[in-house]
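Dear colleague,

Please find below the structure I promised to hand over, together with its sequence. My notes on it follow.

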Amino acid sequence: MTSLSASLVRGALSSPFKRAGRPDAALPPGRLTRPAAPVAPGPLAAYGRICGFAESGPLPLTYPHVLAFPLTMRLMTGRAFPLPVLGLVHTWIEITPHRAVRLTEPLELAVYADGLSPHRRGTEVTMVTEARVGGELVWESRSGYLSRHATTDAAASPRSAPDAVGDLPAVAEWRLPGDLGRRYGAVSGDRNPIHLHPLTARLFGFPRAIAHGMWTVARCLAEAGEGAEIRSVRAEFRAPVLLPATVTYAADTAGNAFALRGAKGRVHLVGTVTR
């Protein structure tokens, strides 16, 4: 978490000197890695509690992303990364578990930037995270982060999640407290100012603090009862959840599509599960 906090500070200092949308922009080559290390049981238990995962069973499907996020931030706040990290919006994530990971297995982590894509609202970068056990690839994810800037490219984002979410039946209603961002930030290490307090969120254009996107994905998967039969998960973040809030988790009977809806039916998150 110390390295993640340092990256956040470095990102705040370096962002004013970076300009998104440069035609000659290039991503840094290579990857950042963390040697194999066991999962710390205390932080894992705290993560499970705030996201709603069971205390026993395999490693939560979203947890390798949390473990590797300090590496991701270190890469994105580096001098060679072309986009300013301040203002980056996490737009989507795809998770592929190649097998269930036992809590006692030491994980080797790696992250790298895979490509830049034009977006109707700016430029999107794809970040890849990999987790290995004894050299075996056991888990990987791909995430999109949008840097918003003026653009003449009217093309839609190259990725789109299912839009048929209005018919998904409601399964559960959650009341999210105003300090959820601070609590999840303490567990995950992601203390982005937009999640912590209304005053810091207003600096970035939000009227109140917003929930972490990765918390919303994790909470939905915990509610769905993720299992070893899941081959992939894809989620798209549609609109921020302003805290405090009351949201509705909706899903089809097979558990293959899910959504998170807010007041007046506003869609915050949509996702699909492949089994």
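**The sheet and its edges**

Strands β1 and β3 (residues 107-119) run antiparallel and are joined by 4 bridges. Within this pairing, arginine 34 has leucine 109 of β3 as its bridge partner. Please bear in mind throughout that this is a predicted model.

The two strands belong to an open sheet of 10 strands with antiparallel pairing, in the order β1-β3-β4-β5-β2-β7-β10-β9-β8-β6. The edges are formed by β1 (32-37) and β6 (170-176); each has a single partner strand, so one side of each is left without a neighbour in the sheet. On average, and with direction ignored, neighbouring strands here are turned by 15° against each other.

Helix α3 packs on this sheet, where it touches β1, β2 (89-97), β3, β4 (122-133) and β5 (136-148). The direction of α3 makes about 60° with that of β3.

Methionine 73 lies in helix α3 (residues 63-76). Is this residue, methionine 73, buried or exposed? Its relative accessible area is 5%, under the 20% limit, and methionine 73 is therefore buried. In sequence, methionine 73 is 63 residues from arginine 10, yet their C-alpha atoms are 9.6 Å apart in space.

The largest nonpolar core has 63 residues, and Tyr47 and Leu107 have the most contacts inside it. Helix α3 gives the most to this core, with 8 residues.

Leaving aside neighbours within four places in sequence, leucine 107 is in contact with Arg34, Pro35, Ala36, Ala37, Val39, Leu59, Leu67, Val101, Ala131, Arg132, Val133 and Val138.

How do helix α2 (residues 41-51) and helix α6 (residues 213-224) pack, and at what angle? Their axes are 9 Å apart and the angle is about 80°. This value falls within the range of 65 to 115 degrees, and α2 and α6 are therefore roughly perpendicular to each other.

On the α2 side, the contact is made by Tyr47, Ile50 and Cys51; on the α6 side, by Trp215, Ala218, Arg219 and Ala222. By class, this contact has 6 nonpolar residues, no polar residues and 1 charged residue. Tyr47 of α2 is also one of the two residues named above for the most contacts inside the largest nonpolar core.

With kind regards

Methods:
Residues numbered from 1 in each chain as written. Predicted model: local features only at pLDDT ≥ 70, side-chain atom pairs only at ≥ 80, totals over all residues. Heavy atoms only, no water. Axes fitted to C-alpha atoms, helices over the stretch in contact; angles between N-to-C directions. Parallel < 35°, antiparallel > 145°, perpendicular 65-115°, else oblique. Contact = heavy atoms within 4.5 Å. Nonpolar A, V, L, I, M, F, W, Y, C, P; charged D, E, K, R; others polar. Buried < 20%, exposed > 50% of the residue type's maximum accessible area, 1.4 Å probe, protein only. Pairing = 2+ DSSP bridges. Core = buried A, V, L, I, M, F, W, Y, C linked by side-chain atoms within 4.5 Å.
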